[in-house]
Amino acid sequence: MEFQFISPRKNALVYLVKILTGSLIAWYGLRALGLHEPYWAMISLIIVTEPDVTLAKANFRARLINTLNGCVVACLALVLLGPGFLSMLVALAISVLVAMLLHNYPSNWRLGPATVVILMSAAIGGKGLHQELQYALLRVGEVIAGSTIALLQSLAYSYALKRLGMPH
């Protein structure tokens, strides 16, 4: 039996190595800083990871814009409406409108509303506004940490290839 439908894509090994090493850095680095389950950092790392620095920078920028959109909208909804499914739907709608109404908004705009759901769902488990906002900001910190690790890996990878005289 032949498996002709299986063939590695270009940069498959690069993606694999960067995602695994980045995940190790995110997991153990953030755990050392007191964050016990940095799943969202790992997810952001995966979203931003690219072998090409230009694409990694674009992914980082888009992730940051979407995270800020989701964070601002979610935190305002928490302060004004409190936690709950209805306030999550209102925040979700506002986040989509922000993405749809602003010119030059990143094409992967769905990450903004997804961030709203992530933050508001974390806040629903909180006990009071202070803890809810703390949960929300913790998730934002994870997203930014994972995205930053991915970008730094791309920069280091590109630098290493230049130093070795290899094409990148």
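Is Asn 108 buried, exposed or partly exposed? With a relative accessible area of 27%, Asn 108 is partly exposed, because that class lies between the limits of 20% for buried and 50% for exposed. The model described here is predicted.

## Overall architecture

The secondary structure of the chain consists of six helices and zero strands. Read from the N terminus, the order of elements is α-α-α-α-α-α. Along the principal axes, the C-alpha atoms fill a box of roughly 55 × 45 × 40 Å.

The chain has 168 residues, of which 40% count as buried. Among contacts with a separation of 6 or more, 69% join residues 24 or more positions apart.

## Packing of H1 and H2

Two packed helices are described by the angle between their axes and by the distance between those axes. For H1 and helix H2 (residues 39-48), the angle is about 155° and the axes are 9 Å apart. H1 is therefore roughly antiparallel to H2, since the angle is over the limit of 145 degrees for that class. The crossing in which H1 passes H2 is right-handed.

On the H1 side, the contact is made by Lys 18, Ile 19, Gly 22, Ser 23, Ala 26, Trp 27 and Leu 30. On the H2 side, Tyr 39, Ala 41, Met 42, Leu 45 and Ile 46 take part. Sorted by class, the contact of H1 with H2 holds nine nonpolar, two polar and one charged residues.

Ser 23 belongs to helix H1, which spans residues 12-32. Ser 23 counts as buried because its relative accessibility is 12%, and the limit for that class is under 20%. When neighbours within four places in sequence are left aside, Ser 23 is in contact with Met 42 and Leu 45. Both Met 42 and Leu 45 are listed on the H2 side of the helix contact.

## Packing of H3 and H4

The axes of H3 and H4 cross at roughly 145° and come within 9 Å. This crossing is right-handed. From H3, the residues in the contact are Asn 69, Val 73, Ala 77 and Leu 81. They meet Ser 87, Val 90, Ala 91, Ile 94, Ser 95, Val 98 and Ala 99 in H4. By class, the contact of H3 with H4 has eight nonpolar residues, three polar residues and no charged ones.

## Nonpolar cores

In soluble globular proteins, nonpolar side chains tend to be buried together. In this model, the largest nonpolar core has 14 residues. Those touching the most other members are Cys 71, Leu 78, Ala 91, Val 116, Leu 119, Met 120 and Ala 136. At least two residues of this core come from each of helix H3 (53-81), helix H4 (85-101), helix H5 (111-124) and helix H6 (129-163). H3 gives the most, with six residues. Another core, of twelve residues, lies apart from this one, and its members include Leu 45, Ala 56, Phe 60 and Leu 151.

Ala 91 has a place in the largest core and also in the contact between H3 and H4. Not counting residues up to four places away in sequence, Ala 91 touches Val 73, Ala 77, Val 116 and Met 120. Of these partners, Val 73 and Ala 77 are H3 residues in the contact with H4, while Val 116 and Met 120 are listed in the largest core.

## The loop between H4 and H5

Asn 104 is placed in the loop between H4 and H5. Its phi is near 60°, a positive value in a residue other than glycine. Asn 104 counts as exposed because its relative accessibility is 71%, and the limit for that class is over 50%.

Asn 108 also has its place in the loop between H4 and H5. Leaving aside neighbours within four places in sequence, Asn 108 is in contact with Ala 62 and Asn 66. Asn 108 and Asn 66 are 42 residues apart along the chain, and their C-alpha atoms are separated by 8.4 Å.

## Tyr 135 in H6

Tyr 135 lies in helix H6 and counts as partly exposed, at 28% relative accessibility. Its contacts, leaving aside neighbours within four places in sequence, are with Ala 122, Ala 123, Gly 125 and Gly 126. Tyr 135 and Leu 119 are 16 residues apart in sequence, and the C-alpha to C-alpha distance is 7.2 Å. Leu 119 is listed in the largest nonpolar core.

Conventions: Residues numbered from 1 in each chain as written. Predicted model: local features only at pLDDT ≥ 70, side-chain atom pairs only at ≥ 80, totals over all residues. Heavy atoms only, no water. Helix = DSSP H or I, 4+ residues; strand = E, 2+ residues; numbered from the N terminus. Buried < 20%, exposed > 50% of the residue type's maximum accessible area, 1.4 Å probe, protein only. Contact = heavy atoms within 4.5 Å. Core = buried A, V, L, I, M, F, W, Y, C linked by side-chain atoms within 4.5 Å. Axes fitted to C-alpha atoms, helices over the stretch in contact; angles between N-to-C directions. Parallel < 35°, antiparallel > 145°, perpendicular 65-115°, else oblique. Left-handed = near helix turned anticlockwise from the far one by under 90°. Nonpolar A, V, L, I, M, F, W, Y, C, P; charged D, E, K, R; others polar.
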